[in-house]
Every structure is written in C-alpha cells, then in structure tokens.
Amino acid sequence: MALPSGLPVADWLVGPMPAVGEAEVTELLTERFGVRGTLEDLGSQQDRNYRVRTTTGDYVLKIANPATSADALRTQCTAIGLLADALPGLRLPRAHQGVDGETVQWLSVDGVELACRLLDYVPGEPVMDSRYLAPAVVARLGELAGRVAAGLADLDAAEREAAEDAPGRLWDLAQAPAVIEALAPHLTDRARAERVTAAARAAWALVRPYAETLPTQVIHGDVTDNNVVCETGPDGRPMPVGVIDFGDLGTGWTVSELAVACTSVLHHHGAGPTSVLPAVRAFHEVRPLADAELAVLWPLIVLRAGVLVVSGRYDALLDPDNAYASAALDREWAMFETAASVPAEVMTARLRHALGRPAARTAPVTGHPLLPGLSDDVRVLDLSAESDDLHEGRWLEGQGAEHALAVDVLAEGRGAVMTRHGEFRLTRTEVDTQDAAATCALGVEVFLAGPLEVRAPWAGTLVRRAADGVSLHGDGPTLLLDGVNCALPVGIDTDRESTVDAVPVRAGELLGTVADRDGTHLLAVQLSTAPRDIHPPRFAEPELAAGWIEVCPDPTSLLTHRPTPDPTSLLTHPPTPDPTLPPTPMQAQPSVPRDDLLDRRNRAFATVQEHYFDAPPRIERGWRHHLVDAQGRGYLDMLNNVTVLGHGHPALSGAVHRQWQRLNTNSRFHYASVVELSERLTALLPAELDTVFLVNSGSEAVDLALRLAWATTGRQDVVAVEEAYHGWTYASDAVSTSVADNPNALASRPPWVHTVAAPNSYRGSHRGAEAWRYGPEAAERIRELAGQGTPPAAFLCEPYYGNAGGMALPDGYLEQVYEATRAVGGLCVADEVQVGYGRLGTHFWGFEQQGVVPDIVTVAKAMGNGHPLGAVITRREIADAYRTQGYFFSSAGGSPVSSVVGLTVLDALRDEDLQANARDVGGYLKERLLQLGQRHPLIGTVHGSGLYLGVEFVRDRTTLEPATEETAAICERLRELGVVMQPTSDRQCVLKIKPPLCLTRESADVFVAALDDVLTHGW
C-alpha cells in the first residue's frame, strides 16, 4: 500500500493482534506470574487481552502487539503508578511484577517474542454501546480526561522520551492527515472515503497555523467511552470511576486528550455536536484551555473521527475475523457524521461561548446601500416568544404567519417591514417533536409593497445559487440574497464551487430587483464569513446559535442606518436603547434570553419557591397543551393541571381584557358575575350543596373548609389521610401529610390532626384485592377517636388519590368513612382542587366516582385556568355557622375579573367538551402506557383515570423498591426531548401526568414515544 513519504509503517500500522493459544497463556500465567485462573478473551484492535479470574481476585493479561517496545510498556506502567498516586480515588490497572521482579514478561510464539503484563482488573463497565449519555456523565468523562492529562504532565524527561518512541502513532492527531490520506484509498465505499478525506483536509487547514506552538506532553490518548469504566449510580446512569488501557500512551498535544474523549461521545443515542460541551467545561476546570487549544479542538475532533473510520475499515480488511474491530465500524462512522455535520468555525465559536470567552468582534458591515430606494418608514417585526404581534396560536402557521403579519403592516401604509437578525423566532417553533427546531435567524428579511432595485454593496463576483438566489463574493464576507430577479447573465452554480458562471460586479452596480412572492416583494439577506463551500442555513438550532451568529454577522447595516443590537452580545447582555431615537421593537426587545436570569431570580425570589429542573428552560409562551421557551423550543406540557383549558385560551384572555376595562373590585360590591358564577357552581353539584364561598387558591379553600367544620361542630380535631398535600396556610398545611412536600410532615402535625393510612392499593399495607380493608380500618379509627373524647370535626380526603400518583380509592372507601364521620357528628370534606372539573373523564367530580355526597367541597386550580381563583361549596347551615367566627372576605376571590374567569372556564369546558376529551384521550394514553409497561420492567404500574394519570417506576416489581433517582433523571431527559414532566408521590417515583384537558391523541403519542425513547436508550 502507498505510505506517506517519510512515515515508516511500523510507526502507525501495527498489524493484527497476536494469535496465541489458551494453553500457552495458561502456562505463561503460571510460570511467569504465579497465577492460576480461567480466561476470558476481552477483544482489542491490536493487543491480545484476557480477563483472568482467580479465587483471590481478577486480573487482565495484556499480550502486546509485536510493534510495541518493552520500554514503552514499562512507561505505561510508570504512568499508571503516577496517576494512581496523584488520583487515589480513580480506579486504574496497576501492573504486577512477575516472579523475577519485572513487570514485562516474555512469551515466544512461532519465533516471535511477545511482551506480556499482568494488570489489576478494574471493576466496572465501559459505556461504549450507543445508549444515551447524560450531561453529567459527559462532564465526568471530560473531567477524567483533564485529570489524567494534568497527572501525566509530571512524567520525567526519560519517561517522555520512552513515550515518544511508543508505537501507535496512528493515534497521534498530529499524524492524522497522513494516516487518512494513506488509508482512505483502501476504503471500499469511495463516497465515504472522499468525504473523510475532504473533511480532514479542511480540518487540518485550521490546525496547521497552531501545530508548532500547541502544548505537548505525554497523554493517555484514549480516554474514551470504551476505556473509562463506570458504576451505575443511584439514578441508573453510568458514572465513570476508572480508566483502563494505556496502550496508546504517547507524546501528543495536550488538547488531543480532550478531543479524543469528546469524539467518543458523538456516536451515542441522541448525541449532537453540542453534546460535548459538558466535557469541555469539565476538562477546562481541571486543566484550563488556551485560546489556541480551543481554536483547534473541533478540527481535531473531526480528524480523530476520520482516523477512526479509515483505520477501522482498514483493520477489518487486514483481520476480517476480528469481531471487536468490525463491531466498531458503525459507531466510528456515526462519530464522523456528527463531527462533520457542522462547520468547525461554527463549533469553535460555540466552544468559546460555552467557556465564556468573548465573541469575535467585528465592525458593522458597510458598503453601498443594498436597497437604495428603501423608505425610512420601516417597521421591525417582533417574532420572538414574547411578541405581542403574534396573537393566539398564529405563530403555528410558521412562515405563513410572518408573511401575513408583514402584509398587515404594509397595508397600514408602511414603506417596508423587516425582521431581526439573531432573533429566536416563535414562528419557527415546532411542536409535537423530540427535536429542537432551527429558530435563530441568521439573516433578515425585507418585505416590500413593490419592487426595489438591489445593488451591490461592494465589488466582487456574482454567482447565481437558485432561480432567484445569488451570492456576492468579495474581499469580505459573502453576501447571500434570496428573492432577486437578477438583471445580470449569471448561470446557476449548482455545486457552490464552480466560478464558471461568476460575473464581476462593481460597488453600487444593479444586481436586479426584489422578486414578488405571493403578492409581496420579499428579499432575504444573509452574510457569511465561512469558507465559500459552506453554505450556512437560514436558521440555526438554539444550541448552535452562538456559533452560527459569529459566522453570519448582522446584515442590517446594509439596509438601514438605524442602529441594531449586536446579536453576539445579546447572548449574554440585553441591548442598550439609543436615547436619541424612538424605541422600536428592534431596540426594546432582546432577541436572546439573558444567561443571568436564573441568578437574578435566586437573588430576588425566595429560593424555597423552587423551580422545575436543574437547568430550567425560560418559558415565555404557551398555547393549548404546549409551552415555548425564549429560544423558540416547543415543549409538550404533560404536567400543568392548573391550566385545564390549555395555555393562551382566546376566550379567556378576551373575557379578562373586557372585564378589566369595565371594572375590577372586591365582592362586597353588587354586580352580576359573582352571582352567576355561584349559581353555575351549585348547579354542577348535588342540590344540598347550595352555597358558595369564592377564594384565591386551593390552600385558602381548604383552610376555609376546616374553619367551617370547626364553627359548625364546635370542635377542632380533624382526620386526614397520609401522603396527601392540601396547601400551605396554617390549617391546610397542618392537615398535609406528604413527606415529599415536608419531610417532617408526620412528626410535626399539631395534636388536633389525626391520620389514617394512605389507601394505596399498589404499595400500601393492603394491596390488590385486599385494598377493601382500608375503609373499615379508617372508619374504626374515627370511632376510636370519638371514644377517646376527641371526635373529629371533619374528615378530609382527596376523593381520587392525587399526591400518591393519581390512583382510585378502593371501592366503597368514602362511603364507609363518611358514614363513620357523620355518626360522631363530623363533616366530610372532599378536596377536589386537583381532581375536579372533569379531569377524570368519567366524572366531573372525584366524589362521584365513590357514589357519595360530601358536606363541603373545595375547588381551585382548574377553576381559574391559572388565574388565582378557588371556591368552597357547602350547605347553607354550614356556611351560616361561620358567623360565629365573624365575617369572611377574600379580596380577589369573587372579584368581577375572577368571576368572569370562572364563568369563561365553565363555558369552555362545556362548549369544547373537554371532559369527554379527557375520557377518550386519557383512556387511549393509559392503554399506550400500559403497553410500554410490557416492555420496560421499570414501569411498575399505571395509575389513574382520564387525564389524571401516574406512571410508577420501581426497581423491582416484587419488592416495589421505588426508582426515585431514576424518575428524576427520566424527567430531565424528557425535558431534553421536549416534554415537561415531574415526579410525584412521597417516594417521588411516579410521573405526574396531568396535562391540559385539550390534549390530543397525536400529542399523547409524542409523549409515549419520548418515554419509550428514554426507557430504551437511557437517561
């Protein structure tokens, strides 16, 4: 085969691994190391590795490839010892001496002397399969690479010299271009060979300027998912704890250690280019990266992936029986595909942003006006998630919404309409998908009522890219225009490289006119500093936006002299308005969320008011059962039981707007809506529940219900059910028994609160068919309290067990307990705050499922669809009893606006038949979740009815050990896939599935697919 000039074959092609018989290995172990055990072939690309199991422990016998020198092997052992001393918590394969005191022993096979070493077996499993790697796992991989690099930097000069003579130069990234050029011609897939070669040449062009000055040291060279062993953490994630296989130890660029580790991440399920960012940050914390190292990191990742592809396929040709090498081929190609999927210039900018390095600053692009006839009367559209221009769900129309909005503005007589560069557009948001949409605008569009001349801002050559798309190449950035009726004889450049059809143009020369698109003249303008063969997208995914924005600077200055914010600065800072100009949407609205918003929240907002997720997305928009963050990422909201109608309901927002314009005050004034709402509520309940109190929240509703019971009965003792949450006011908190909300809940109850066991038919003291026992036991407890002289004033219970995960009470439970409570003079309170208002599908109220009528019903959450509104509904004599306590008043509970909200919610529930939708879609969803349980043993059971469901995760279906940590991690992974979900129950092992009642079957399928993805590929 053709070899690179001056590069000896032994330096980087070491040939197949040695062929050795087990009898010879057994004899070697006995005679040279004094060890007896059973052998297991571990597989390798170039060495022969065996796991040796003995009665006193396990070892690894490594029989080196003949190309490896004994000095290099001894240096590996020295390096391992150095790291073991420096990093005592890291598991490493220390070498054992043979019977003669030497770590390297020799085995002669067919006249060839093979060097052998016996190393400690490092317990743990590698994560080389394609399962998903969580950011915490990737970060740990980067941290280990950094610690190993820092530790090996202390090797002395002699050891460095020995490492320089080590084989495996195949893996020295300084040699990567030569290796790829030599081996690529031997690939049978010529298209792949050409892709790898082209990518390697482009990557090396970016590395070459730094090659002579990059820091160099002895590196492990293979800290990868295959050589880092892991232990499964409490959350089920594989957490790296040790490093093995020092066979590629040699002198190389320090940053190569990180590049190699990052490359191994790229084949894992769901991995993209930015999946490596946690590793880069963690490596940098241990061993800081210089600017030059950061500049070459991504090109080195491309080169590493290219070497893996060509060497892996070449090894498979040389040694077709090597299953280890053949099995890696698909993984290696996946790494290359991901590494080459984004220009290195973009990823370098993204890496700099991730480490807080300042973005490349360039002066605003100037030149001859691109549209010299453009009017000063330009309206800048706000298409962000916080836009007031995009009403209701209009943004779901995508580009159509942009065009329609521009047409509306032009119809007002505006001369032109422009969009904003660097803006994360709501109109590009996608819903019901696991992938983040490309939402960040890398250019601007100009909408015009009529055609305008388009002129060259600078001299250069013009190339036509499409029927109405041209590129202008000059000394500065490339100008990309779409929507030009070209006036010059330019042919279409189909490969973006040919200049045969290029036409030279002068600055200010006429290029053409703005083309007509659907009755509006539209010009898209974009700049690119990337090499000419890289054609940037019009929009970037949020994760890559910081990188693409540096490559695609703002072209607005070519269109208007109005100052605009620097989009790269918007990634971390808000724009500063120009006081000399009237505010415009371009100035007033940051197009990128501020990174410090969470810090500001923590400084000003009591942190006991927790937020969902460790790294919460900044949610700024909602529509129906979807949420949208500030970067335009859409999420399926499977959690929000407050917004029963869904987010952004137009009838509700319209009703609130109208009423607020008319009047908002308190309920001591006389007006119609408070009466109408009270009548509507009583009409939905049994006839005896005829009197309404309107309050602000569920906590206030439960608090008032208890006070009513105390006033009516003249006593205070209350019986509550364990594992339940009822609120945060004094009384509602006192009867809340969930240790998830308050770890000291059971120990800190006041003496007037008594509890009965949670009627949990899945994991309680009575399960399955024995669950009927809960009712009689609770009833007996109430009778015992009465016999002890403390008869309860009330029994309080959710009529469908919510906090435990949404499970039905045992049949007849409330009937028995209500009867016992009333027999001792107490009242029965049904807390419908979570379960009421049709969420069960089969019943409007939870107590209906039990066939009982409570004395007091508490309502909130769904009642206001997010507006602070709750109610207590009871009998007239109970309500009147409160007079003994004084009077009752809630400032906003029965206000005109709150009352209108309550009426509108009831109207929508009825008119949109949302209870039936909860029944139908909820039943469909539950069936699909039960089907998942047949394939995924982590699913213990599926609780609930309608859209009040809970998937309970267990580590063992017999012991029902709760999978608490796994559930939290699964919720984090679901968020990454675009699903908002949180754990519930005292064990925090149940998915809390309580979405808006407008959920569709299509969205239910999206949720099930995402959960299946997580349970299949990891979290």
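Predicted model: local features only at pLDDT ≥ 70, side-chain atom pairs only at ≥ 80, totals over all residues.
Axes here are lines fitted to C-alpha atoms, for helices over the stretch in contact, and the angle between two of them runs from 0 to 180 degrees between N-to-C directions. Helix H7 and helix H8, the latter spanning residues 277–286, pack with their axes 10 Å apart and at an angle of about 150°. Because angles over 145 degrees count as roughly antiparallel, H7 is roughly antiparallel to H8. The two helices pass each other in a right-handed crossing. On the H7 side the contact is made by Thr 254, Glu 257, Leu 258 and Cys 262, and on the H8 side by Ala 279, Val 280 and Phe 283. Sorted by class, the residues of this contact of H7 with H8 comprise 5 nonpolar, 1 polar and 1 charged.

Helix H7, which covers residues 254–265, also packs against helix H9, residues 291–318, and here the axes come within 8 Å and cross at roughly 55°. That angle makes H7 oblique to H9. The crossing of H7 with H9 is right-handed. From H7, the residues Thr 254, Val 255, Ser 256, Leu 258, Ala 259, Val 260, Cys 262 and Thr 263 take part, and they meet Glu 293, Val 296, Leu 297, Leu 300, Ile 301, Arg 304, Ala 305 and Leu 308 of H9. By class, this contact of H7 with H9 holds 11 nonpolar, 3 polar and 2 charged residues.

Val 901 belongs to helix H25, which runs over residues 896–911, and with a relative accessibility of 1% it counts as buried. Once its neighbours within four places in sequence are left aside, Val 901 is in contact with Leu 652, Val 656, Met 863, Gly 864, His 867 and Leu 869.

A polar atom of the Arg 237 side chain lies 2.8 Å from the backbone oxygen of Trp 1019.

Most residues other than glycine have a negative phi. Asp 518, although not a glycine, has a positive phi of about 55°, and Phe 613, likewise not a glycine, has a positive phi of about 75°. Asp 518 lies in the loop between strand E23 (516–517) and strand E24 (520–528), whereas Phe 613 is found in the loop between helix H17 (597–604) and strand E26 (619–623). Are these residues buried or exposed? Asp 518 counts as exposed, at 72% relative accessibility, while Phe 613 is buried, with a relative accessible area of 8%.

Key: Residues numbered from 1 in each chain as written. Heavy atoms only, no water. Helix = DSSP H or I, 4+ residues; strand = E, 2+ residues; numbered from the N terminus. Parallel < 35°, antiparallel > 145°, perpendicular 65-115°, else oblique. Left-handed = near helix turned anticlockwise from the far one by under 90°. Contact = heavy atoms within 4.5 Å. Nonpolar A, V, L, I, M, F, W, Y, C, P; charged D, E, K, R; others polar. Polar contact = N/O pair within 3.5 Å; in protein donor to acceptor, adjacent residues only side chain to side chain. Buried < 20%, exposed > 50% of the residue type's maximum accessible area, 1.4 Å probe, protein only.
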